[in-house]
Each structure stands twice: as C-alpha cells, then as structure tokens.
Amino acid sequence: MIIKQSKNRWNYVFKGLGIIFLYFFISLFKYLPFDILHINYTDINDKTLIIYNLLLSATMIYIIFLIYREEFKLAIKDIKENHKEYFTKYFKIYLIGVIIMMLSNIIISKYGGGISENENAIRDEFKLYPVYTFISAVFIAPLLEESIFRLGIRSIFKNKTIYIIMSGLIFGGLHLMGMPLNKLFPLYLLSYCSEGFAFAYMMSKTNNVLVSTGFHFMHNGIIMSLQFFLLIFT
C-alpha cells in the first residue's frame with residue numbers, strides 16, 4: 001500500500017505527519033467551534049454531542065481517505081484478492097497479541113491492579129449509550145487508529161523494526177494517558193501495546209492497512225459484544 005520509490009519518500013513522511021497532527025489537533029480542540037460561538041458544550045444535550053462527535057470522526061476519516069486515496073484504492077483491491085490468505089496467515093499473530101494482553105491483565109489483577117481509566121471510561125459510557133459506544137469502538141476507532149498509528153507512522157519510519165516498536169508504544173501509551181506511573185504501569189502498557197505490536201507487524205508485512213483494520217474490527221467487536229452480553233444478562 002505504501003509506495004516505496006525514493007522520490008516519494010518525503011511525500012509519505014509529510015502525509016504521515018499531517019494526519020497525525022490532524023488527529024491530535026481535532027482531539028484536543030474538538031469543542032473549539034462551540035467556544036468560538038460562545039456556547040458552553042456542557043450545556044448541550046448528550047444526543048447532540050453524540051451526533052457531533054460522530055460527524056467529527058467521519059470528517060477525519062474522510063480527510064485521511066482523501067490524503068491516501070490512491071493507497072486506499074490499491075488496498076481495497078488487494079484485500080479483495082488476498083483476504084483469505086491474510087486472515088489465515090496473520091490470525092496467529094493476532095492471537096499471540098491477545099494471549100500477551102490476557103496474561104498481562106491476569107498478573108495486574110493478581111497484584112491488586114484494576115482496569116485502566118480508559119477501559120473504565122468506555123464501560124461507563126457503554127452503560128449509558130450502548131449503541132453509540134458500540135459503533136464508535138467497533139467501527140470508527142479501528143478506522144481512525146489504524147490510519148493514524150499504523151498507516152501514518154509507517155509513512156514516517158522506513159525501518160520495519162523501529163516502526164513496529166514506535167507504533168505499538170505510541171498506540172499503547174495514548175490509551176493510558178492520565179494514568180499514574182506505578183509499579184504496575186509497565187504491565188498496563190504491555191497489555192495495550194501487545195495488539196498494537198501485532199497490528200503494526202501485519203502492516204509491515206502486507207503494506208495494507210486494511211489487514212490490521214480488519215483484525216482491529218474483529219477484536220473490538222468481540223469485546224463490545226461481550227459487554228452487550230453482560231449488560232443484558234447481569
């Protein structure tokens with residue numbers, strides 16, 4: 001998916017930096033339009049904010065698609081032709097990431113650690129707005145996160161090993177923003193980084209961000225389906 005001719009090298013670096021900047025800028029200043037209009041967003045009803053956030057995410061995805069439109073066209077064609085081979089080949093990589101994540105969480109629980117603030121926030125949101133949280137977590141988040149942390153970072157780092165490490169660490173670290181640094185923090189980081197490393201590995205081998213995105217869809221879909229089950233039957 002990433003064209004590797006030397007003449008395009010800096011073009012891809014700027015693309016990667018551009019979408020990463022876009023993601024963080026919008027994430028940090030997503031309520032800026034309300035401030036400009038002198039509207040306190042905390043006074044806006046939840047349904048309106050949900051629609052606003054969905055439209056904002058859709059806008060980001062659309063801009064990223066425009067920036068990488070040729071690459072996405074190639075990726076779609078490639079995934080149609082090779083999806084069975086990719087699933088068979090990289091499912092075991094996905095499972096390794098899941099196993100590492102589960103073992104990390106078991107050790108965290110054994111030593112008295114709870115769930116991360118990020119996970120706790122998602123669970124609380126799910127109880128209040130299950131449909132929105134499901135759509136956001138299963139469809140929107142994988143598209144955005146894979147575009148930013150896999151495609152964007154891959155555009156910057158040419159070396160595959162450095163790319164996998166940076167992609168996984170940044171992906172995992174951002175999910176732990178605001179969490180205090182304690183003796184269990186490395187395990188929390190490993191828990192979140194494990195799938196990040198797995199997805200980055202897939203991207204480095206296939207050069208197709210839709211491969212890791214597909215597994216990310218599946219991973220979040222399984223987790224959120226379990227949340228639905230617990231919400232209904234407990």
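Helix H1 (9-28) and helix H2 (32-36) each supply at least two residues of a nonpolar patch, helices being DSSP runs of H or I with at least four residues, numbered from the N terminus. The model is predicted, so that local features need pLDDT of at least 70 and side-chain atom pairs count only at pLDDT 80 or more, while totals for chains, interfaces and linings use all residues. Residues are numbered from 1 along each chain as its sequence is written, and side-chain values use heavy atoms, with hydrogens and water left out.

The patch lies on the surface and consists of Phe21, Phe24, Phe25, Leu28, Phe29, Leu32, Ile36, Leu37 and Ile39, with about 910 Å² of accessible area together (Shrake-Rupley method, 1.4 Å probe). Its members have over 30% relative accessible area and no salt bridge, nonpolar side chains being joined within 5 Å. H1 gives the largest share, four residues, and Phe25 is found in this helix.

The structure holds three salt bridges (a side-chain nitrogen of Lys or Arg within 4 Å of a carboxyl oxygen of Asp or Glu).

H4 (residues 69-110) packs with helix H8 (residues 185-206) at an angle of about 170°, their axes 7 Å apart; axes are lines fitted to C-alpha atoms over the stretch in contact, and angles run from 0 to 180 degrees between N-to-C directions. H4 and H8 are therefore roughly antiparallel (angles over 145 degrees). Among the residues that meet are Tyr86 and Gly97 in H4 and Glu195 and Lys205 in H8, contact meaning heavy atoms within 4.5 Å.

Definitions and conventions: Parallel < 35°, antiparallel > 145°, perpendicular 65-115°, else oblique. Patch = residues over 30% accessible without salt bridge, like charges linked within 9 Å, V, L, I, M, F, W, Y side chains within 5 Å.
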